[in-house]
Amino acid sequence: MSLLRLTFLGTSAAQPTLHRGLSGLAVKADADLLLFDCGEGTQRQMVRFGTGFTVDAAFFTHFHADHYLGIIGFLRTLGMMGRTEPMHLYGPPPARRLLHQAVHLGLESLAFPVEIHELKDGDSVRRNGYTVHAVGVDHRIHALGYVLAEDGRPGRFHLEKARELGVPEGPSFGKLQKGESITLPDGRVVKPEDVLGESRSGRRLVISGDTRPCPSLVQAAKDADLLVHESTFSDDEQARALETRHSTAREAAQVAKDAGARRLILTHLSSRHDTDPGRLLTQAREAFKGPVEVAFDGLTVELPLRD
């Protein structure tokens, strides 16, 4: 998997504002396009920010209305565009009941199959070159965070070693780089480890969904390339964060610090911080010394390959 790109489609909590739409995140994982949450108006944001509509699967963190109602219109749009490929929808209970209602809302049936899958903490969805893991988090209802974990990559190919061993250039190089042994004309067997450096770990993207800080998310975000964590409130709204089972910016940053995450992006902002999230950013930076920023609608981030 060469490309791992995020586009923030909606970064507001609970209600849309003039500047921020409801929760939605598009992730381009090589050839795949995934949606994480699909708040009302998500499809318009996809047009606005150029992500395209060729979504392979949608993952829902939970089923508060601001995180999933956009799927109703989006599926209808896909039908009008002539989609025939199946759409896979994933989420915690009661995904089957609620998403079934969403899929079948209205008089017209969809022209393509929609497959609904319920996930629980510890479940995984295998994709081409990566896996999406579900992580139980701490919200008012059943809720999940997600980890997109890229497969590990072979170590760097040492051209001079291959030449010294007499490996002919061409297809043999490719086989070794893919982890396959080859047999030379003189009968000697060259193994991948003879010409490759140490294997390289894949990238890890962690998405918190709506949650209080919790040990499960800290564990899931260990050494993550990027943690996308909700930060609905500031320090002076701590009581409200506890009441609604959300996080403050400082708490989100503490999760990133405890996990050893490499980068933190804050999202899901209360309308109080709509146009001026500076207080959230300041408080987060006091707790987490790595790169941290506040997302805005349309922010696009590409995660580079690990060395």
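Modeller: First, a term: a residue is buried under 20% relative accessible area, exposed over 50% and partly exposed in between, using a 1.4 Å probe on protein chains only. This is a predicted model, so local features need pLDDT of at least 70 and side-chain atom pairs 80 or more, while totals for chains, interfaces and linings use all residues. Residues are numbered from 1 along each chain, and side-chain values use heavy atoms, without hydrogens or water.

Asp 66 counts as buried, because its relative accessibility is 13%. It sits in the loop between strand E4 (57–59) and helix H2. (Helices, H or I of at least four residues, and strands, E of at least two, are DSSP runs numbered from the N terminus.) Beyond its neighbours within four places in sequence, Asp 66 touches Ala 13, Ala 14, Leu 22, Ser 23, Gly 39 and His 268. Contact here means heavy atoms within 4.5 Å.

Now follow the chain into H2, residues 70–80. Its buried residues are Gly 70, Ile 71, Phe 74, Leu 75, Thr 77 and Leu 78. Why do they share a side? They cover an arc of only 160 degrees around the axis, which puts them on the same side of H2. The arc uses directions from the helix axis to the C-beta atoms. These buried residues pack against strands E3 (32–38) and E5 (87–91), and against helices H1 (42–49) and H3 (95–103). Just after H2, Gly 82 has a positive phi of about 90 degrees.

Next, the largest nonpolar core, which has 30 residues. (A core is a set of buried Ala, Val, Leu, Ile, Met, Phe, Trp, Tyr and Cys joined through side-chain atoms within 4.5 Å.) Val 206, Leu 227, Leu 264, Leu 266 and Val 292 touch the most other members. Among the elements that give two or more residues are helix H9 (249–259) and strand E14 (264–267). H9 gives the most, with six. A second, separate core of 28 residues includes Tyr 90, Leu 144, Ile 207 and Val 228.

Finally, pick out Leu 266. Leaving aside neighbours within four places, its contacts include His 229, Ser 231, Ala 249, Ala 252, Leu 280 and Val 292.
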